[in-house]
Amino acid sequence: MSSEEITLTAGDAEVVVRPGHGGRLGSLKVAGHELLRQGERYGSFPMVPWCGRVRDGVFWTGDREHHLPLNSPPHAIHGTGRDTAWKPARVTDREAVFTYDLADPWPYPGRVTQSVEVSDTALTLRMSVEAWDDSFPAQAGWHPWFNRRLSEDGEPVRIAFDAAWQELRGEDHLPTGDRVAPTPGPWDDCFGMPDGVHVTLTWPGQLELTVASRERWVVVYDEPEAAVCVEPQTGPPNGLNTQPRLVTPLEPLEAATTWTWRRL
């Protein structure tokens with residue numbers, strides 16, 4: 001993968017984007033604090049053209065069966081975008097736009113566009129999936145790995161949200177199709193927020209960050225010791241099969257999330 005990095009700045013915020021490494025954010029610093037876990041597989045990456053796990057790597061369009069690589073056996077996970085080099089289309093001091101063309105192992109041609117824009121108090125990520133010929137189901141979302149602590153002596157992050165439901169998860173980590181009242185963590189679970197995603201991360205005495213999106217689905221994953229993940233997305237895990245969102249040549253799939261922060 002390319003080691004190319006693009007740095008965007010606004011006020012005391014700095015974002016590093018690595019288009020050659022899956023179009024991911026390699027760093028997000030606010031007031032000198034690194035918010036994202038560092039490492040080859042961390043930072044924050046786009047999930048596209050699907051989010052989370054696809055059961056057994058199989059999805060259907062009509063009577064056509066499609067097979068995806070089992071990169072999290074026995075399932076396929078998190079799409080192909082994070083393993084692809086994205087091409088910069090436009091770069092300014094505060095905004096960058098990237099694209100990549102859908103190709104094998106994804107069975108349908110199309111294009112994904114992602115934009116990253118930083119302001120003094122927020123980061124906005126946008127993504128669109130376009131179909132060139134045939135229509136197909138798709139999902140889009142983001143998978144940030146936020147540091148549990150912003151400093152060695154800092155308190156661990158507190159996660160607060162008010163979900164309407166939790167997707168009941170089976171032993172295979174996939175939703176069973178049943179919805180239950182949200183349960184206490186730790187979580188590796190998908191939650192429904194009909195009025196839009198709104199999750200607050202608070203590092204006491206340091207920083208508060210709100211992850212917001214018009215989408216109604218979010219996966220919260222806080223089992224790891226060093227990081228927590230808050231993943232806004234356009235559908236639940238295995239949603240290519242259970243909650244398909246159709247992309248057509250006339251109607252792309254569009255998603256966005258804004259992370260807003262304030263010092264404490």
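1. Strand S1 (residues 6–10) and strand S2 (residues 13–18) run antiparallel and are joined by five bridges. Strands, like helices, are DSSP runs numbered from the N terminus (strands E, at least two residues; helices H or I, at least four), and two strands pair if DSSP finds at least two bridges between them. Ala-10 has Ala-13 of S2 as its bridge partner. Two residues lie between the strands of this hairpin, where Gly-11 adopts a positive phi near 55°.

2. The model is predicted: local features need pLDDT of at least 70 and side-chain atom pairs count only at pLDDT 80 or more, whereas totals for chains, interfaces and linings use all residues. Residues are numbered from 1 along each chain as its sequence is written, and side-chain values use heavy atoms, with hydrogens and water left out.

3. Buried means under 20% relative accessible area, exposed over 50%, and partly exposed in between (1.4 Å probe, protein chains only).

4. Which strand holds Arg-24? The residue is found in strand S3 (residues 24–30). Arg-24 is buried but has no salt bridge, and the nearest side chain of opposite charge, that of Asp-83, is 5.6 Å away. A salt bridge requires a side-chain nitrogen of Lys or Arg within 4 Å of a carboxyl oxygen of Asp or Glu; Lys and Arg count as positive and Asp and Glu as negative, while His and the chain ends are not counted.

5. The side chain of Arg-24 does reach two backbone oxygens: that of His-21 at 3.1 Å and that of Tyr-42 at 3.0 Å. Beyond four places in sequence, the residues that Arg-24 touches (contact means heavy atoms within 4.5 Å) include Glu-40, Phe-45 and Arg-82.

6. The structure holds zero disulfides, a disulfide being a pair of cysteine sulfur atoms within 2.5 Å. The sulfur of Cys-51 is too far for a bond, because the closest cysteine sulfur, in Cys-190, is 9.5 Å away. Cys-51 is buried, with a relative accessible area of 0%, and Cys-190 is buried at 4%.

7. Pro-144 belongs to strand S15 (residues 141–147) and is buried, with a relative accessible area of 0%. Leaving aside neighbours within four places in sequence, its contacts include Leu-36, Ser-44, Val-228 and Trp-259.

Key
A polar contact is a pair of N or O atoms within 3.5 Å; within protein, one must be able to donate a hydrogen and the other to accept it, and residues adjacent in sequence count only if both atoms are side-chain atoms.
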